[in-house]
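Here is a short report on one protein model. It goes from domains to a sheet and then to a ligand site.

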Amino acid sequence: MGKKTSTEYQTHKQSGLLEFIWSERSRLKKVTVFVMLRTMVLAPIPIITRQIVDHEVKGGSIFGVIQMMLIVLGLIGLHVIFTVVGNRELSRNIPNMVLDLRARIFHKLQFMNFGFLDRTKAGRLLSKYAFDTQQVEGTLVPIIHDIIPTLTYSICMIVVITTMNPLLTVVIVLMLPIIAAVRMFFINRITQNNRQVRLARERLTGTASEYISALRLVRSLGEEKAVSSHLDSHSEGFRAGRQKQIMLNTSLGVFTFSAKEFLSILIVGVGAIMVVHGYASYGVLMAFLVALPVILMPIQSITSFSQQYFLGQESYRSIRELLDSGYVERWNGDYIPQHIRGEINFEHVCFTYDEKKPDVLHDFTLKVNAGEHVAFVGPSGSGKSTLVSLILGLYAPRKGRILVDGMPQERLAMRQFRRRCAIVMQDSMLLSGTITENIRFGQPEANMEQVREAARLAYAEDFIDELDDGFDTVVGERGVALSGGQRQRIAIARALLRNPSILILDEATSALDYESERQVQAALNNLSKGRTVITIAHRLSTVKNADRIVVLHKGHIKEVGSFEELAKLDGAFAHLLASQNTPS
Ligand SMILES: Nc1ncnc2c1ncn2[C@@H]1O[C@H](COP(=O)(O)OP(=O)(O)OP(=O)(O)O)[C@@H](O)[C@H]1O
Ligand SMILES: [Mg+2]
């Protein structure tokens with residue numbers, strides 16, 4: 001569990017939340033205008049206060065006072081109207097922005113290369129998708145709803161009182177940089193700490209989600225203790241970070257509160273002296289006292305909001321790390337094949353999952369003809385599944401290239417190409433949903449008749465019909481638990497329904513009993529006609545019908561030939577065959 005930093009995303013840009021707000025300005029224009037108007041309409045209140053004290057009170061005019069009060073009442077009315085309209089805009093726009101952000105995250109994930117996805121725990125990505133987007137929303141709302149109007153209000157007040165007595169304003173304005181400098185000191189440390197806390201949290205959720213999904217494995221091995229202590233160490237890292245986070249934020253709060261109190265009393269003192277010396281009227285002093293809390297309001301509200309702001313900022317950065325990451329699939333070809341014949345040509349392909357480690361495939365050259373049935377066999381770890389991943393372009397060769405129907409992968413529109421392929425893997429994944437939905441997953445327009453036909457060919461129809469709800473039985477995480485062999489047959493049906501040009505079977509029948517495997521294999525053999533089929537199997541009986549068998553060993557081709565040819569040779573295949581035929 002190495003320390004992870006943002007460099008793992010191959011990005012050096014540091015984007016902030018404010019940049020995000022700016023990029024969404026067209027959406028936020030209306031709501032911002034209304035929240036600003038909401039407080040701007042209250043700005044004349046100090047002027048009215050001065051008017052009341054210096055003129056109406058002095059002149060003894062009750063009517064004048066009432067008149068002024070009515071004006072204030074009118075302003076408050078306007079304030080309410082702007083607030084209601086602004087809030088409506090806000091509640092409409094912010095959730096939409098976050099919705100788009102989530103969509104962008106998921107969209108980006110579809111383009112990330114598998115090298116990146118192999119290294120990144122699913123929980124960390126989930127944390128970005130679910131937690132961080134929520135955190136961004138929780139930060140945007142107060143910025144728009146509280147911080148912007150408070151700042152506007154404060155600035156309006158400074159302008160208003162400056163017109164009355166610039167000298168008193170100078171006192172306030174001189175104090176502000178001192179407060180700001182001390183705050184900066186805190187803020188730098190808080191930002192650093194927030195980043196550490198966020199990485200610790202991602203590590204914790206990543207590890208926890210992995211262990212939670214592997215509870216069965218952990219318990220059946222009796223490894224609860226080791227897992228708990230591993231998880232506890234991550235939990236402890238997170239706790240320590242949080243402790244520091246709370247300390248820093250509360251210290252900042254104390255400082256800001258004291259500074260604000262000091263500033264208030266300073267204004268009262270200086271103002272009083274000015275009144276004594278005749279530099280200011282009572283009305284002006286009153287107006288200042290009315291305006292002062294408003295002027296200082298942003299310091300308080302920004303401080304109490306700062307913790308949320310930094311969390312939101314950090315969450316937004318975490319999202320940007322992914323959105324700006326350079327680890328995307330290299331393919332940007334635009335050749336959309338109308339029809340794939342299914343010729344696959346490996347030309348001197350070298351490949352490694354990790355640049356720092358030796359190659360997994362060495363100078364691999366092989367031509368699979370269109371419509372041919374080729375089987376890859378060989379010991380575990382010899383590179384069979386890797387070849388399949390390379391055909392589908394899930395990874396890119398380090399050296400050499402792969403051509404499909406003579407077209408290099410770089411020039412292919414990879415997505416369209418993949419839609420013409422179907423793959424059945426050893427551990428067949430089912431999605432939450434009905435059996436029909438699962439079979440139809442790669443071919444949404446298929447009708448029920450076709451779904452049934454595919455299930456029949458995969459020898460899945462019988463067991464499906466025996467389930468209580470038949471094809472409507474809900475499977476996947478929250479549904480009926482199916483056996484490995486049953487899941488595999490559904491996956492085969494799914495692949496068959498696609499009617500692919502290239503069918504890839506990576507240990508597709510390994511979970512079936514001997515009889516079922518024989519039947520499914522017979523069906524698959526019938527279906528091989530007219531398409532390229534790549535079969536990977538440990539049980540050599542499975543590959544008897546292949547046109548050619550490629551024997552792999554540590555990423556090299558050992559032997560190539562038909563079952564009969566290879567069986568006759570006294571080579572690697574014959575040895576494998578002998579070992580499988582030896583009764584145990
Ligand atoms: N996602 C991955 N990241 C890093 N290394 C990998 C990854 N997948 C496979 N490898 C390594 O590449 C080598 C070839 O693996 P591959 O999965 O192709 O073998 P295989 O022939 O399919 O084996 P098996 O018969 O067990 O399925 C192995 O040494 C394996 O450790
Ligand atoms: Mg494999």
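## Domains

The protein is assigned two parts: domain 1 (14-323) and domain 2 (331-419 + 543-584). These bounds come from an automatic or database domain assignment. The centres of domain 1 and domain 2, taken over C-alpha atoms, are 57 Å apart.

This is a predicted model, where local features need pLDDT of at least 70, side-chain atom pairs count only at pLDDT 80 or more, and totals for chains, interfaces and linings use all residues. Residues are numbered from 1 along each chain as its sequence is written, while chains are lettered from A and ligands numbered from 1 in the order in which they are written.

## Sheet and helix

An open antiparallel sheet has 4 strands, ordered E2-E1-E4-E5. Strand E2 (361-368) and strand E5 (407-408) each have a single partner strand, so one side of each lacks a neighbour in the sheet. Strands (E, at least two residues) and helices (H or I, at least four) are DSSP runs, numbered from the N terminus. Pairing requires at least two DSSP bridges between two strands.

E1 (residues 344-351) pairs with E2 over 5 bridges, in the antiparallel sense. Isoleucine 344 faces valine 368 of E2.

Helix H11 (residues 384-391) lies across E1, E2 and strand E4 (399-404), at about 115° to E1. Contact means C-beta atoms, placed from the backbone, within 7 Å. Axes are lines fitted to C-alpha atoms, for helices over the stretch in contact; angles run from 0 to 180 degrees between N-to-C directions.

## Ligand site

Residues around ligand 1 include Asp118, Tyr353, Asp354, Val360 and Lys384. Each such residue has its C-beta atom, placed from the backbone, within 6 Å of the ligand. H11 gives the most to this shell, with 3 residues.

Notes
Two residues are in contact if their C-beta atoms, placed from the backbone, lie within 7 Å.
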